[in-house]
Amino acid sequence: MSAIGNAADSIKFTGIASAEELAACPGVSSAERFEKGPVAVVECVQEIPCNPCEHACSSGAIAVGQPITRLPVLDGAKCIGCGECLAFCPGLAIFLVHKNYTDTSSLVEFPYEYLPLPEEGAMVPCGGRDGGFIAEGKVVKVRRTRHNDGTALVVVEIPKEYFMDIRTICRKGAVHGRG
Ligand code: SF4
Ligand code: SF4
């Protein structure tokens, strides 16, 4: 375990990846890559025996290798932004981000395992990794997959400034956050 992983705000103690862990995460692309188009964000920061993401990507953009506890490494140059890997991750740790969707907005896609599913076109409260409210977003697409018992994927359009912060839709009763 690294020094980052032993910090009080690390995922080991909070269940949520810290800013330091994300900054050191090999699944998160460079700032330059986000400018070029949609890209996966593999926010996997714990060394656990897991690798479905590696086999889910037909472009070979995700590598775990051996031992299986290695953190997945994303090759942003190989990622075509298809989103196919998202529903394969049992840890719900993979997202798709299209930073420059418009001049002012980004698209963020994430797995969503709650019912009811949101309606396309609806405005919804969007939250961060802790589920706390950050900003309103518009549901652009909802799609069911055949993976992990039918995990749904939701795409929301959000203010661009939050493209690395918003990762879900707030559930009813989530009152903490920046709102
Ligand atoms: S978004 Fe597509 S190309 Fe990129 S890592 Fe996931 S499966 Fe591979
Ligand atoms: S499938 Fe998810 S939890 Fe497993 S190694 Fe890949 S990103 Fe991490």
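Which residues surround ligand 2? The views below start there. This is a predicted model, in which local features need pLDDT of at least 70, side-chain atom pairs count only at pLDDT 80 or more, and totals for chains, interfaces and linings use all residues. Residues are numbered from 1 along each chain as its sequence is written, while chains are lettered from A and ligands numbered from 1 in the order in which they are written.

**View 1. The shell around ligand 2.** Val42, Cys44, Cys50, Asn51, Pro52, Cys53, Val64, Pro72, Cys89, Gly91, Ala93 and Ile94 surround ligand 2. A residue is near a molecule or strand if its C-beta atom, placed from the backbone, lies within 6 Å of it. The shell has 10 nonpolar and 2 polar residues, with no charged ones. Ala, Val, Leu, Ile, Met, Phe, Trp, Tyr, Cys and Pro count as nonpolar; Asp, Glu, Lys and Arg count as charged; the others, Gly among them, count as polar.

**View 2. The shell around ligand 1.** Ligand 1 has 14 residues around it. Ala40, Cys57, Cys79, Cys82 and Cys85 come nearest. By class, this shell has 10 nonpolar, 3 polar and 1 charged residues.

**View 3. Strand E4, residues 94-98.** Helices (H or I, at least four residues) and strands (E, at least two) are DSSP runs, numbered from the N terminus. In E4, 5 of 5 residues are buried. Buried means that 20 or more other C-beta atoms lie within 10 Å of a residue's own; exposed means 12 or fewer, and partly exposed lies in between, with C-beta atoms placed from the backbone. Ile94, Leu96 and His98 point one way from E4. Phe95 and Val97 point the other way. Ile94 also belongs to the shell around ligand 2.

**View 4. The partners of E4.** Two strands pair if DSSP finds at least two bridges between them. Strand E1 (residues 39-42) pairs with E4 in the antiparallel sense over 4 bridges. Here Ala40 has Leu96 as its bridge partner. E4 also pairs with strand E5 (residues 105-112), again antiparallel, over 3 bridges. His98 has Leu107 as its bridge partner in E5. E4 and E5 form a hairpin, with 6 residues between them.

View 5. Strands of a sheet pair through backbone hydrogen bonds, either parallel or antiparallel. Here 7 strands form an open sheet, in the order E1-E4-E5-E8-E7-E6-E9, with antiparallel pairing. E1 and strand E9 (168-169) stand at the edges, each with a single partner strand, so one side of each is left without a neighbour in the sheet. Strand E6 (residues 123-127) pairs with E9 over 2 bridges. Cys126 has Ile169 as its bridge partner in E9.

View 6. Gln66 to Pro67 is a cis peptide bond, with omega near -5 degrees. Pro67 is found in the loop between strand E2 (62-63) and strand E3 (73-74). Leu115 to Pro116 is also cis, with omega near 0 degrees. Pro116 sits in the loop between E5 and E6. Leu92 lies in the loop between E3 and E4. Its phi is near 50 degrees, a positive value in a residue other than glycine. Leu92 is partly exposed, because 17 other C-beta atoms lie within 10 Å.

**View 7. Ser29 and its contacts.** Ser29 is placed in the loop between helix H3 (19-23) and helix H4 (31-36). Ser29 counts as buried because it has 20 C-beta neighbours inside 10 Å. Not counting residues up to four places away in sequence, Ser29 touches Phe34, Val39, Leu74 and Gly76. Contact means that C-beta atoms, placed from the backbone, lie within 7 Å.

Note on methods
Two residues are in contact if their C-beta atoms, placed from the backbone, lie within 7 Å.
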